[in-house]
Every structure is written in structure tokens, then in C-alpha cells.
Amino acid sequence: MRRSNFFLVYLLLVVAQILICNYFHLTPYVTLSLLPVMVLCLPVRVSTLGALFIAFATGMSVDLLAEGLPGLNTLALLPVAYLRIPLIKLIFGEDLISRGEDFTVRKNGIGKVTLAVILVQSLFLLLYIWADGAGMRPFWFNALRFGASLLAGYAAAIIVIDALAPDTRK
């Protein structure tokens with residue numbers, strides 16, 4: 001995918017995330033966020049510093065236009081951006097980074113992509129739920145919210161990956 005198309009799709013997904021936050025409240029147990037997978041799918045040519053700036057701008061946009069607590073998405077998204085390249089190296093291998101290729105489900109397999117998605121969603125959700133609850137909610141509620149949100153986030157992530165990292169060999 002050309003870089004301009006990627007960032008256009010990325011911006012449309014930010015708008016979709018804002019709409020999800022504003023209008024689709026499934027239950028108090030589900031926090032549906034496309035943001036961690038969007039950051040994971042940034043082209044590998046984007047440096048860690050660039051990913052941090054993009055994650056900050058994305059998180060603050062959603063925080064200011066959708067969420068009631070400014071900084072909540074940003075707080076949870078910045079560690080995902082910081083750990084993106086090491087995670088890609090760990091799961092997909094060094095050669096993906098050295099060749100400057102983006103990962104796809106078809107090239108790298110559903111198992112590796114699933115592992116990457118679960119790791120970034122888990123990191124995001126752990127920080128998000130911790131900061132959102134501020135120690136006021138019981139552990140069982142937070143654990144149930146984490147599990148339900150992880151399942152919902154994984155289902156949405158597959159659609160996001162197909163939009164941001166399409167397989168050019170189709």
C-alpha cells in the first residue's frame with residue numbers, strides 16, 4: 001500500500017474509533033479500541049520516535065473528541081508505540097525490519113499475527129483499565145472487562161489489519 005493511502009485509511013480508522021467511543025457503548029465490560037493495532041500496523045520505516053508522535057496525536061485526538069478523560073488513550077497507547085519495533089522483531093523476525101517490509105497475515109501467518117495483536121491489545125488494555133478504574137473497581141470487574149475487551153478487540157483487529165496491511169499478492 002502506498003504511504004499516502006495508508007495514512008488516509010489510518011485517519012479514517014481514527015474517525016471510526018471516535019465514533020465507536022461516542023456512539024457504540026456495548027456494555028461497561030467492553031472497551032473496544034482499534035488504536036493498538038493501528039499503531040502496530042504503522043509501516044516499519046516509521047521510527048520509534050515517529051511512532052510515538054503518531055500515537056500521541058492519535059490518542060489525544062480520541063481523548064479530546066470522544067473520551068471524557070483526556071490522556072487516557074494516550075497513556076495506554078504510548079507504550080504500544082514504544083515497544084512496536086522490538087515486538088515485530090521478536091514475533092516476525094529481524095529480516096522483516098531489515099527488508100523494510102510490512103507484515104501481512106498471508107506472509108507471516110495467522111498465528112504470529114494473532115500473537116502480536118493479543119500482546120499489543122493486552123498491554124493497551126492493562127494500562128487503560130488500570131488508569132480508568134483508578135483503583136475504585138473490584139478486581140473481578142477489571143478482569144472480566146479485560147477478557148471481554150480483548151476478545152472484542154481481537155475481532156476488530158483482524159478487520160483493521162486487513163485495511164492497513166493488505167496482502168498485495170491477492
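This section describes the salt bridges, pocket, cavity and surface patch of a predicted model. Residues are numbered from 1 along each chain as its sequence is written, and side-chain values use heavy atoms, with hydrogens and water left out. Because the model is predicted, local features need pLDDT of at least 70 and side-chain atom pairs count only at pLDDT 80 or more, while totals for chains, interfaces and linings use all residues.

The structure holds three salt bridges, each defined as a side-chain nitrogen of Lys or Arg within 4 Å of a carboxyl oxygen of Asp or Glu. Aspartate 132 pairs with arginine 145 at 2.9 Å, N to O. Aspartate 132 lies in helix 7 and arginine 145 in helix 8, so this pair ties together parts that are 13 residues apart in sequence. Helices are DSSP runs (H or I, at least four residues), numbered from the N terminus. Arginine 145 is buried, with a relative accessible area of 5%. Here buried means under 20% relative accessible area, exposed over 50%, and partly exposed in between (1.4 Å probe, protein chains only). Aspartate 132 also meets arginine 137 in a salt bridge of 3.4 Å, N to O. Aspartate 132 is partly exposed at 26% relative accessibility. Arginine 137 is partly exposed at 35%. Aspartate 132 forms a salt bridge with arginine 145, and shared partners join Asp132, Arg137 and Arg145 into one network.

Another salt bridge links aspartate 95 and arginine 99, with the closest N and O atoms 3.3 Å apart. These residues are four apart in helix 5 (residues 94-99), and are therefore separated by about one helical turn. Aspartate 95 is partly exposed, at 39% relative accessibility.

The lining comprises 20 residues, and His25, Val30, Thr31, Tyr128 and Arg145 lie nearest the centre. Two or more lining residues come from each of helix 1, helix 4 (72-92), helix 7 (110-133) and helix 8. Helix 1 gives the most, with three residues. The space in this pocket is about 370 Å³. By class, 10 lining residues are nonpolar, six polar and four charged. Ala, Val, Leu, Ile, Met, Phe, Trp, Tyr, Cys and Pro count as nonpolar, Asp, Glu, Lys and Arg as charged, and the others, Gly among them, as polar. On a 1 Å grid over the protein atoms alone, a pocket is an open set of points with protein on both sides within 12 Å along at least five of seven lines; a cavity is a set where a 1.4 Å probe fits but cannot get out; lining residues have an atom within 4 Å of a point. Points are joined across faces, edges and corners, and a volume is the space filled by probe spheres set on them.

One cavity of 30 Å³ or more was counted. The largest cavity has a volume of about 30 Å³. Seven nonpolar residues, no polar residues and one charged residue line the largest cavity. Among them are Cys41, Asp102, Phe103 and Ala165. Alanine 165 is found in the segment after helix 8 (139-164), and is buried at 10% relative accessibility. The C-alpha atoms of alanine 165 and cysteine 41 are 6.6 Å apart, although 124 residues separate the two along the chain.

Val15, Leu19, Tyr23 and Phe24 make a nonpolar surface patch of about 450 Å². Patches take residues with over 30% relative accessible area and no salt bridge; like charges are joined within 9 Å, and nonpolar side chains (Val, Leu, Ile, Met, Phe, Trp, Tyr) within 5 Å. Accessible areas come from the Shrake-Rupley method with a 1.4 Å probe; for residues, only the protein chains shown count as cover. Leucine 19 sits in helix 1 (residues 3-23) and is partly exposed at 41% relative accessibility.
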